[in-house]
Amino acid sequence: MLLHLSTWQEVEAYLQRSQAVIIPIGSTEQHGPTGLIGTDFICAEAIARAVGEKADALVTSTLTLGMAEHHTGFAGTISLKPSTLTLVIHDVVRSLAKHGFKRFFFLNGHGGNIAVLKTAFTEIYNELPDVRCRLGNWWASNEIYKLVKELYGNQEGYHATPSEIAVTMYLYPDAIKNAPLSESVNKDSRIYSPEEFRKRYPDGRMGSNPALATVEHGQQLFEISVKELVSQYNDFLAEI
């Protein structure tokens, strides 16, 4: 059930059987020469919708803007400050809690959001002690890590990775990009200012080789992630 395609009466009816909701969150940021700027929210949104369908859960509109300050040296990146994103997350939960929602499963597509989400959860609990929040990162499961290691080895890297590019290729095959990629790419994962980031990672990649990505890989990763996150969501609902 998708919030933006529902009426308020349908949401009220949903609340009679469940007080849990899935909130996809990602980012709008550069992903190297071949990665879509919407990669992080594209992955989160599609996986969240599939999880919602399998778990019979309500899925909200996607939070497409995240904390991407370090990517703002690249054209097209849109970032919220950590403090702004914290307030956005808090306000989204507060709004839905007012209607009776009590469990909020944030399905995340961007590593830069993790610390902010955890900070926001702390503030939310102070104001709304009956509310519970859970973070689910689509790429974070043993099965995903195993497959990524098998497919890409040490060429997965840290950003504009072949795994995330593969998922977008599977979801949007008509938007696949091709561009020359230099073999020389900085393989560390240090992040400082936007200027330093661009200097350290001139084409936006962090130790990654997205040329290894395929549509077939994307489908495998997508299906594994959906299965894992359905399990995480159901475990969240079962918590006392």
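Modeller: Let's settle a term before we start: buried means under 20% relative accessible area, exposed over 50%, and partly exposed in between (1.4 Å probe, protein chains only). This is a predicted model, where local features need pLDDT of at least 70, side-chain atom pairs count only at pLDDT 80 or more, and totals for chains, interfaces and linings use all residues. Residues are numbered from 1 along each chain as its sequence is written, and side-chain values use heavy atoms, with hydrogens and water left out.

Biologist: Is Ile37 buried, partly exposed or exposed, and which class does its accessibility give?

Modeller: Ile37 sits in the loop between β1 (20-25) and α2. Its relative accessibility is 34%, so Ile37 counts as partly exposed.

Biologist: Which residues does Ile37 touch, leaving out those up to four places away in sequence?

Modeller: Contact means heavy atoms within 4.5 Å. With sequence neighbours up to four places away set aside, the partners of Ile37 are Ser27, Thr28, Glu29, Gln30, His31, Ala75 and Gly76.

Biologist: Let's step back. What pattern does the chain follow along its sequence?

Modeller: Helices (H or I, at least four residues) and strands (E, at least two) are DSSP runs, numbered from the N terminus. The chain has eight helices and four strands. Reading along the sequence, you get α-β-α-β-α-β-α-β-α-α-α-α.

Biologist: What radius of gyration does the chain have, and what would a compact globule with 240 residues have?

Modeller: The radius is taken over C-alpha atoms, and the globule rule is 2.2 Å times the number of residues to the power 0.38. The C-alpha atoms fill a box of roughly 55 × 35 × 30 Å along the principal axes. For 240 residues the rule gives a radius near 18 Å, and the chain agrees with 18 Å.

Biologist: Which elements are included in what covers the buried residues of α6?

Modeller: Helix α6 (residues 162-171) is mostly covered, with eight of its ten residues buried. Those are Pro162, Ser163, Glu164, Ile165, Ala166, Val167, Thr168 and Met169. The cover includes α2 (39-55), α5 (142-152) and α8 (215-238).

Biologist: And Ala213, which residues does it touch beyond four places in sequence?

Modeller: Ala213 lies in the loop between α7 (194-200) and α8. At 8% relative accessibility, Ala213 counts as buried. Beyond four places in sequence, Ala213 touches Tyr152, Pro162, Ile165, Ala166 and Met169.

Biologist: What is the phi of Ala160?

Modeller: Most residues other than glycine have a negative phi. Ala160, in the loop between α5 and α6, is buried at 0% relative accessibility. Although Ala160 is not a glycine, its phi is positive, at about 55°.

Biologist: Where does Asp56 lie?

Modeller: Asp56 is a residue other than glycine with a positive phi, near 55°. Its place is the loop between α2 and β2 (58-59).

Biologist: Is His99 buried or exposed?

Modeller: His99 is in the loop between α3 (82-97) and β3 (103-108). Its C-alpha atom is 9.3 Å from that of Gln19, 80 residues apart along the chain. With a relative accessible area of 52%, His99 is exposed.

Biologist: Last one: how many disulfides does the structure hold?

Modeller: A disulfide is a pair of cysteine sulfur atoms within 2.5 Å. Cys43 is buried at 0% relative accessibility, and Cys133 is buried at 10%. The number of disulfides is zero.
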